[in-house]
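Hello,

I am passing this structure on to you. Please open it first; my notes follow below.

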Number of protein chains: 2
Amino acid sequence: MAELGMGPFPDSAGFAEAQAHDAADALAEFRSRFISDDPELIYLDGNSLGRLPAATSDHLEEVIAQEWGSRLIGSWGEGWWTLGRDTGDLLAPLIGAEPGSVVVADSTTVCLFKLAWGALRLRPGRTRVITDDLNFPTDLYVLEAATEAAGGGDVEVIQSHDGINGPVEAVEAALDADVALVTLSHVVFKSGYLYDMRRITEAAHEVGAMVLWDLSHSAGVVPTDLSGVDLAVGCTYKYLNGGPGAPAFMYVNPELPLENPLAGWWGHRRPFDFDLEYRPAADIARFQTGTMPILSLAAITPAAQIVAEAGIGRIRAKSVALTDYLIELADEVLSPLGFTIASPREAARRGSHVSLRHPDAWRVVQAMIDEGRVVPDFREPDNIRLGLAPLYVSFADVHNAVHRIAGLMREDRLSKYRRQRSTVT
Amino acid sequence: MAELGMGPFPDSAGFAEAQAHDAADALAEFRSRFISDDPELIYLDGNSLGRLPAATSDHLEEVIAQEWGSRLIGSWGEGWWTLGRDTGDLLAPLIGAEPGSVVVADSTTVCLFKLAWGALRLRPGRTRVITDDLNFPTDLYVLEAATEAAGGGDVEVIQSHDGINGPVEAVEAALDADVALVTLSHVVFKSGYLYDMRRITEAAHEVGAMVLWDLSHSAGVVPTDLSGVDLAVGCTYKYLNGGPGAPAFMYVNPELPLENPLAGWWGHRRPFDFDLEYRPAADIARFQTGTMPILSLAAITPAAQIVAEAGIGRIRAKSVALTDYLIELADEVLSPLGFTIASPREAARRGSHVSLRHPDAWRVVQAMIDEGRVVPDFREPDNIRLGLAPLYVSFADVHNAVHRIAGLMREDRLSKYRRQRSTVT
């Protein structure tokens with residue numbers, strides 16, 4: 001194993017199988033659309049930050065040099081002003097939404113706040129907000145802020161029985177006529193559990209509650225159908241590859257009389273009249289608030305176009321095949337080494353990452369990155385998340401990653417890593 | 001005038017004077033730090049969108065290719081995670097704030113919302129919020145949202161008597177023990193009027209109210225001293241040249257027990273613990289909310305470094321000289337053509353842009369851009385804003401811009417422009 005981390009394992013009996021999967025992969029050519037200057041690196045963190053598309057790199061050069069550097073404020077009228085809506089229209093079919101119902105703006109956290117507060121204003125007198133403990137923590141913080149802004153209420157965090165699977169029945173049991181809003185991550189960030197969106201939405205609607213879905217770990221990789229859904233938000237920098245901290249998207253069902261409670265000039269009907277009175281735009285643009293970070297926003301367009309070209313159906317099919325394959329290999333190779341699967345085994349209930357648990361997870365992750373040239377991410381207390389972004393992760397990557405991890409464990413390369421708690425991982 | 005818009009006017013008696021000013025300009029060399037591919041273009045809209053620094057162009061190439069493309073999630077631990085605070089520390093001396101009191105995040109509108117709501121929570125029982133009709137409209141919209149979030153209150157918009165000068169006495173007269181917050185633009189967006197920050201702050205403090213200053217048109221061009229000031233926000237893409245829609249900054253006086261009411265994971269004490277409970281960071285980082293748009297954020301650093309190198313004192317001195325010179329030339333050349341000065345004549349009460357009024361302002365602006373190669377901006381109903389960014393606007397630019405405008409008027413080149421109302425200018 002002196003060559004650990006250096007290239008594939010042609011001696012492995014299973015490598016031929018991985019190669020066969022890759023040869024049959026309808027999306028194989030998309031791998032070359034992404035910049036990758038280290039052929040040995042296996043990047044399994046596209047569920048956190050998607051890779052850089054070559055087209056994005058080219059587009060940003062144009063945006064910076066031409067749109068900003070040369071055309072200057074003229075660019076506001078030549079695409080920048082409508083870029084939030086236009087990017088929303090590009091994303092809409094990818095998330096199963098109709099044109100004109102999606103807009104890009106702010107961060108996911110701020111978008112959640114705006115839609116949650118807006119929803120609570122439509123349900124005066126109802127005091128309960130339902131979510132679960134698998135939700136991304138910032139979503140919970142935001143719900144506290146939104147209920148305070150709306151005049152008070154109780155945010156109830158339903159507990160998962162195993163930390164892996166969504167507490168579907170318990171969420172349903174919590175529903176009554178006092179519930180204003182149910183909000184969950186469609187695919188949860190740690191285990192990758194995939195909620196049945198239709199089931200929860202219908203159950204909430206039966207008691208007159210609204211539903212707000214966080215699609216951060218679904219958008220670009222798990223198909224969704226938002227017809228009948230009230231509200232959704234999501235991140236553009238994971239499977240949509242929009243770049244670090246690229247602005248988030250909001251979906252608002254066009255039939256809802258929802259207003260943006262955090263009104264700003266970008267949501268005004270006639271922003272350049274500089275009215276002292278706020279008059280909301282009639283369309284989805286009213287959910288914009290302040291001036292958009294154009295460079296980060298512009299990066300989304302070419303990236304989302306790649307997802308559209310590949311097709312969300314084909315992406316999901318490959319995602320399921322990749323995660324199935326990873327679980328199969330992990331059962332065979334990693335289980336004997338103390339790893340357990342901390343994601344749903346049923347593909348229909350799983351997004352595009354697989355979490356492994358290991359008592360020494362933090363050190364395993366350090367060794368994987370430093371020596372194995374495999375990049376996962378670590379989530380407290382013992383989770384190793386392996387994100388399989390179908391546009392650039394191959395079956396050979398999955399095979400090699402599993403065997404590199406096994407190699408690290410067998411040679412006990414972990415002993416030199418001493419856990420240091422840090423706010424940054 | 002066949003050569004209108006093509007180069008300087010060496011035949012003008014005054015051009016030699018402009019050249020003499022430029023020859024004596026201590027900041028003349030900074031002009032070359034900015035990308036400008038059209039030597040004929042006179043860009044007088046740096047008060048709206050600052051020019052692209054060459055250093056920013058280089059830095060962004062590195063951020064995109066290396067930090068995102070190559071180092072991927074590793075970059076979060078190598079500068080991205082702390083970039084909001086680090087950029088805040090870079091801006092702090094430029095706005096007269098102490099290190100650790102400034103952080104960059106979100107848009108100016110969202111930052112205003114967070115600080116205004118936070119301030120109102122510190123003044124329970126007080127129901128009045130004071131601002132003026134010269135404030136940027138989004139600031140007023142946000143105050144409505146913040147008062148609603150805080151449980152109600154009245155936003156009182158004090159009227160300026162002439163639309164140019166701030167209603168200082170009327171603001172002071174409105175102050176009493178029911179006022180929770182006074183918030184104004186330090187330099188107002190239309191006339192460029194510059195408030196006496198100390199006077200208003202002290203008057204507000206006398207009745208126990210807090211003060212929140214919007215420094216959007218001051219930061220990078222008008223020195224401020226925030227000692228004793230409660231709160232401030234501002235824009236980074238005007239005189240700080242941070243790029244289109246670059247995130248905003250917040251200043252919070254370290255002595256205030258202010259919390260961020262819009263809590264998100266980026267303001268958490270230990271964000272990567274993924275606590276279900278929010279625990280705010282002890283430092284200014286707690287005013288961050290969601291994930292930062294890194295490309296737009298990263299653009300601020302090299303731009304702000306140029307401002308720091310030039311020195312805010314020298315920048316202000318040149319700004320005063322430029323605006324004085326513009327007013328002098330406008331009195332002489334443009335007044336006979338129907339233009340009036342709509343900015344304070346006293347330099348101490350003026351920011352770095354000068355507004356002209358003209359009954360045909362909209363058409364004048366179109367002709368200036370299309371034929372004169374002079375870029376101002378138009379503000380309803382009859383304002384032509386001429387922003388003089390001292391780092392790259394020369395005295396010759398001012399001279400030539402005035403004479404080009406005069407040329408357009410004399411030859412009546414306006415008749416072909418028909419006013420079309422548009423939401424985008």
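Which residue just after helix 13 of chain B takes a positive phi? That residue is B:D412, and its phi is about 50 degrees. Please bear in mind that the model is predicted.

Helix 13 of chain B itself covers residues 395–410. Its length checks out. At 1.5 Å a residue, its 16 residues should span 22 Å, and the end C-alpha atoms lie 23 Å apart, so the two values agree. The helix is also mostly covered, with 13 of its 16 residues buried.

Now the two chains. A rotation of 180 degrees superposes chain A on chain B, with 0.0 Å of shift along the axis and an RMSD of 0.0 Å. This is therefore the relation of a two-fold axis. In chain A, A:A149 has the C-alpha nearest the axis, at 1.9 Å. Both copies use the same surface: 100% of the contact residues of chain A recur in chain B.

Next, the contact. Chain A puts in 70 residues, and chain B puts in 70 residues. On the side of chain A that touches chain B, these elements of chain A each supply at least two residues:

- helix 2 (54–70), helix 3 (74–80) and helix 5 (108–121)
- helix 6 (137–149) and helix 9 (294–298)
- strand 12 (377–379)

Helix 6 of chain A gives the most to that side, with eight residues. By class, the side of chain A that touches chain B has 41 nonpolar, 18 polar and eleven charged residues.

Best wishes

Methods:
Residues are numbered from 1 along each chain as its sequence is written. Chains are lettered from A and ligands numbered from 1 in the order in which they are written. This is a predicted model: local features need pLDDT of at least 70, side-chain atom pairs count only at pLDDT 80 or more; totals for chains, interfaces and linings use all residues. Copies are superposed by least squares on the C-alpha atoms of residues with pLDDT of at least 70 in both. Two residues are in contact if their C-beta atoms, placed from the backbone, lie within 7 Å. Helices (H or I, at least four residues) and strands (E, at least two) are DSSP runs, numbered from the N terminus. Ala, Val, Leu, Ile, Met, Phe, Trp, Tyr, Cys and Pro count as nonpolar, Asp, Glu, Lys and Arg as charged, and the others, Gly among them, as polar. The expected span of a helix is 1.5 Å times one less than its number of residues. A residue is buried if 20 or more other C-beta atoms lie within 10 Å of its own, exposed if 12 or fewer, and partly exposed in between; C-beta atoms are placed from the backbone.
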